[in-house]
Amino acid sequence: MDIKLDPSRDDLPLMANTSHILVKHYVLDLDVDFESQIIEGTIVLFFESGNKFKKQSSSTEETYPSESNEACKFRTAEPCHIPVTNTRTVSSKMGYNDFVICGKGEKDTSGKDGNHDNQEQASGISSSKYCCDTGNHGSEDFLLVLDCCDLSVLKVEEVDVAAVPGIEKFTRSPKLRNQIVRELVALPADRWREQLDYYARCSQAPGCGELLFDIDTWSLQIRKTGAQTATDFPHAIRIRYTTKPQGRSVTWTSDQSGRPCVYTMGSPINNRALFPCQEPPVAMSTWQATVRAAASFVVLMSGENSAKPTQLREGCSSWHYYVTMPMPASTFTIAVGSWTETKPEICSSNDLATERSFSPFEADFRYVGVCGHMEYPCRFQNASATTQEIIPHRVFAPVCLKGACQETLLPLIPPCLSAAHSVLGTHPFSRLDVLIVPANFPSLGMASPHLVFLSQSTLTGMSQLCGTRLCHEIAHAWFGLAIGARDWTEEWLSEGFATHLEDVFWAKAQQQLAPDETQEQQELRACLRWRRLQDEVRNSPEDMQVLRPNKEKTGHVSDSGSSVIKHGLNPEKVFMQVHYLKGYFLLRFLAKRLGDDTYFSFLRKFVHTFHGQLILSQDFLQMLLESIPEERRLELSVENIFRDWLETSGIPQPLQRERLAGAECGLARQVSAEVAKWVRVNRRPRKRKRKETEVLEKIRRQ
């Protein structure tokens, strides 16, 4: 990690010390309060540590940046006995089957200048000997570092999982708390229901000692006196906290019908202002969450189950979701509002068949091959899931947009899902919810596990915009979610693939178009994207145009596991599409160069090989080279692709065309020829205008 890192700059720090200890499961128990615009409750984190994690080097001063030598002062939260007076915030003690954590009621009394808030200053990251001391050095304690921002932390405590009734039937060491957690997180995939049940039981166990903690701009630091290594540190801890109305991970607003709602966008700091977590992608975990809100609200979340509300008492409901596929915490999404479910006006027998409840985990596992990911109930190993072209899906929207959803969105989902399956095979996730988000949503769409956000603007006009955007978000189920980037600077691995595949999926979903018309549409979109990319590279800083800004250090982390996201806080990055467009043109070139049959056959093989894992560009390109004939590898070598594509400007700028034309790289020459063809079209305004008018007229007739 750059020791000169200043959080006020453009790089976003990932502070969690994931090389020493990893979160394997989160249990969230939250109340949504629209009156105060906060989400409050508890989160229980279950950890795994061991020899497979790199030990901290002795030069710990290099791990975290330093602007002063002042020591951190760790404190415990003072108990607060102020009663809860807000009747809209529900807290109910329930049985373990409802996955609720007991003991709510503490409020944050630290005030604006309290010790337990993320401070709003940009004065650098705390750098005491404790903050740096994440290994075992004499008598100093191990320090757990979590990514955290814009949160008020009230209490941190160890959870006495050994006190759970019946735990002795589950573990060989019922009195050793850390051993219980180790055995729990190591349960095989076919015992996932039992595992979730015990996670819930353990999350409700009483505390067995408060832990010392401190908090700064970007992190929460926790230690236990006497626990000198990650192995000794408690493997199950509970954090009581509240979000803040201005928290950057959570958006409080009103929907198009004027009703209050809240959703998580995560950008640009992901979920660290929603709950304390480990943000680095390597910290892949599962989760389960119980969320309470007024009965008039619908809670949607990244979860495998189509949750239904449970009434706690008059006017209050509880929703529960879970995920058994390990993924980075940044993929967690929640949306709470007065959404209405939009259903087809008339359901055919075929529609009913596709909408039936389907749980892949109820079917017998039929292993068709060995997957390379960590063990979980994988749909790629389930014979029933592999043949399921259309997964169960629901559509939610504000009441005023129900008609538009019925007319435009609902008819598009089945053909788009089916098209995606025909191209890539097994859907990585068992179901899909689609939500039309409020008007202030800053994008056309966003995908998370089992839940897609779409802008209301996709519902206007023809089905083209809605269909292509829907296909883009569906593509993220494979690229971005089931397969993630190990280094978040490599956004092209998700956005480039989704941009390329949206055209492919949409072409198959539009069955009424002739092949030549489909080709014309794709060529027109390619031309428009090229013009957009030209504008972007002319009007944006060069260092933000590089697809691998960390270059040879891509994927590298410090001894603790911390790292940075280049330009992660730069506001200009939000408005750039360089990763979308350069990735799209690279993949479009490869498809044309190899031929569709060879290219998409490789893509299906790639998905089957790497689903459930994190990758870098090298993984994709190396497997590509291994999958093509030997005589074609030289011109598509990894070295040449990186040198003349990924690490330069991607699509050549006009000033670079001469340099690339003479480069000793077949790929660069091919790209130059591809670009030159579009440029020639662009230089003939009448011909281009006539072609655009012709294609657009065909689109209007559909």
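Predicted model: local features only at pLDDT ≥ 70, side-chain atom pairs only at ≥ 80, totals over all residues.
Colleague: In what order do the strands of the eight-stranded open sheet run, and which strands stand at its edges?

Modeller: The open sheet of eight strands has mixed pairing and the order β6-β5-β9-β3-β2-β12-β15-β14. Each of the two edge strands has a single partner strand, so one side of each is left without a neighbour in the sheet. From one strand to the next the twist averages 25°. The strands at the edges are β6 (207-210) and β14 (310-313).

Colleague: In β15, which residue is the bridge partner of Thr 310?

Modeller: β14 pairs with strand β15, residues 316-328, in the antiparallel sense, and the pairing extends over three bridges. Within β15, the bridge partner of Thr 310 is Ser 318.

Colleague: Turning to the open sheet of three strands, which of them stand at the edges?

Modeller: That open sheet has the order β4-β8-β7, and its pairing is antiparallel. Two of its strands have a single partner strand each, so that one side of each is left without a neighbour in the sheet. The twist in this sheet averages 20° from one strand to the next. The edge strands are β4 (144-147) and β7 (212-215).

Colleague: Which residue of β8 is the bridge partner of Leu 144?

Modeller: β4 and strand β8, which comprises residues 219-223, pair in the antiparallel sense over four bridges. The partner of Leu 144 in β8 is Ile 222.

Colleague: How are α8 and α9 oriented to each other?

Modeller: Two packed helices are described by the angle between their axes and the distance between the axes. For α8 and helix α9 (residues 492-509), the axes are 8 Å apart and the packing angle is about 130°. The crossing of α8 and α9 is right-handed. With the packing angle of about 130°, α8 and α9 are therefore oblique.

Colleague: And how is α9 oriented to α10, given an angle of about 160°?

Modeller: α9 packs against helix α10 (residues 515-538) with the axes 10 Å apart and at an angle of about 160°. The crossing of α9 and α10 is right-handed. Because angles over 145 degrees count as roughly antiparallel, the angle of about 160° makes α9, relative to α10, roughly antiparallel.

Colleague: What is the volume of the largest cavity in the structure?

Modeller: A search of the whole structure finds six cavities of 30 Å³ or more. Among the 16 residues lining the largest cavity, those closest to its centre are Ile 391, Phe 429, Leu 432, Ile 474 and Ala 477. The volume of the largest cavity is about 140 Å³.

Colleague: Which strand and which helix each supply at least two residues of the lining of the largest cavity?

Modeller: By class, the lining of the largest cavity has eleven nonpolar residues, three polar residues and two charged residues. Elements that each supply at least two residues of this lining are strand β20 (445-448) and helix α8 (463-475).

Colleague: How many nonpolar residues does the lining of the second largest cavity have?

Modeller: The second largest cavity has a volume of about 100 Å³. It is lined by 13 residues, and Met 325, Pro 377, Arg 379, Pro 428 and Phe 429 lie nearest its centre. By class, the lining of the second largest cavity has two charged and three polar residues, while its nonpolar residues number eight.

Conventions: Residues numbered from 1 in each chain as written. Heavy atoms only, no water. Pairing = 2+ DSSP bridges. Axes fitted to C-alpha atoms, helices over the stretch in contact; angles between N-to-C directions. 1 Å grid on protein atoms, 1.4 Å probe; cavity = no way out; pocket = protein on both sides within 12 Å on 5 of 7 lines; lining within 4 Å. Points joined across faces, edges and corners; volume = space filled by probe spheres on them. Nonpolar A, V, L, I, M, F, W, Y, C, P; charged D, E, K, R; others polar. Parallel < 35°, antiparallel > 145°, perpendicular 65-115°, else oblique. Left-handed = near helix turned anticlockwise from the far one by under 90°.
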